[in-house]
Amino acid sequence: MNFKNKNISLRQPILVGVLFALLGVLNSCYSFTGSSLTDEKTVQINEFPNNATLVNPALSQQFSTDIQNRFLQRTTLKGTKENPDLLIEGEITDYTITPTTISSNTSQTPAGGVIQQAQNKLTITVKVHYENKIHPDSSFDRTYTDEAAFNSNLSQSDIEASQVKIVTERIINKIFNDIVANW
């Protein structure tokens with residue numbers, strides 16, 4: 001009989017038990033769930049107009065719908081247009097597409113030419129006014145910006161279908177977390 005293997009097999013249950021005990025202690029000290037919205041029942045989310053110099057015609061409606069859906073689907077808040085506990089409004093202030101890099105990666109064209117691949121960057125900035133009538137000290141005015149880099153060979157419709165969705169989702173996550181998260 002090999003006693004070395006027996007010692008290892010006896011240590012594993014002890015280590016697992018210690019690990020579970022530590023996780024239990026950590027869980028009781030800190031929780032990753034929770035909401036700072038305890039007494040609030042209603043929310044009004046106004047349309048976010050697109051006041052950027054470069055206007056994506058679908059951005060205002062899509063952003064407004066997405067942020068409304070986020071709050072109505074992931075909280076117990078009810079939407080209202082009259083005397084809301086929470087008011088969320090703002091505007092899209094920047095929508096830019098700028099070149100960022102020319103890569104050393106090259107590819108051959110069918111005619112035998114060489115093309116260097118470049119990247120562009122989409123940047124969207126949104127100003128948000130958040131008003132909490134139940135807990136006024138939680139109210140704020142903030143600006144949120146995010147960006148995504150993409151291959152310059154994407155068409156305008158590809159950018160609007162994929163990259164805009166990525167950037168607006170990140171911005172909505174930040175807004176949602178600043179208003180709802182309790183950590």
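In these legends a residue is called buried when its relative accessible area is under 20%, exposed when that area is over 50%, and partly exposed in between, as judged with a 1.4 Å probe on protein chains only. The model is predicted, so local features need pLDDT of at least 70 and side-chain atom pairs count only at pLDDT 80 or more, while totals for chains, interfaces and linings use all residues. Residues are numbered from 1 along each chain as its sequence is written, and side-chain values use heavy atoms, with hydrogens and water left out.

View 1. Asn-56 sits in the loop between strand 1 (42–45) and helix 2, where helices (H or I, at least four residues) and strands (E, at least two) are DSSP runs numbered from the N terminus. Asn-56 counts as buried because its relative accessibility is 4%. Its side chain is joined to that of Tyr-95 by a polar contact of 3.3 Å, a term for a pair of N or O atoms within 3.5 Å in which, within protein, one must be able to donate a hydrogen and the other to accept it, and for which residues adjacent in sequence count only if both atoms are side-chain atoms. If neighbours within four places in sequence are left aside, Asn-56 is in contact (heavy atoms within 4.5 Å) with Asn-50, Tyr-95, Glu-160 and Val-164.

**View 2. Asp-66 in helix 2.** Asp-66 belongs to helix 2, which covers residues 59–74, and with a relative accessibility of 14% Asp-66 counts as buried. The side chains of Asp-66 and Lys-165 are joined by a polar contact of 3.2 Å. Apart from neighbours within four places in sequence, Asp-66 is in contact with Lys-165 and Ile-172.

**View 3. Phe-48 and Phe-63, an aromatic pair.** Rings of Phe, Tyr and Trp (its six-membered ring) pair if their centres lie within 6.5 Å, and planes under 30 degrees apart count as stacked, over 60 as edge-to-face and the rest as tilted. A search of the whole structure finds 3 aromatic pairs. One of them, formed by Phe-48 and Phe-63, is edge-to-face, with 5.1 Å centre to centre and 70 degrees between the planes. Because Phe-48 lies in the loop between strand 1 and helix 2 and Phe-63 in helix 2, the pair ties together parts that are 15 residues apart in sequence. Phe-48 is buried at a relative accessible area of 0%, and Phe-63 counts as buried at 1% relative accessibility.
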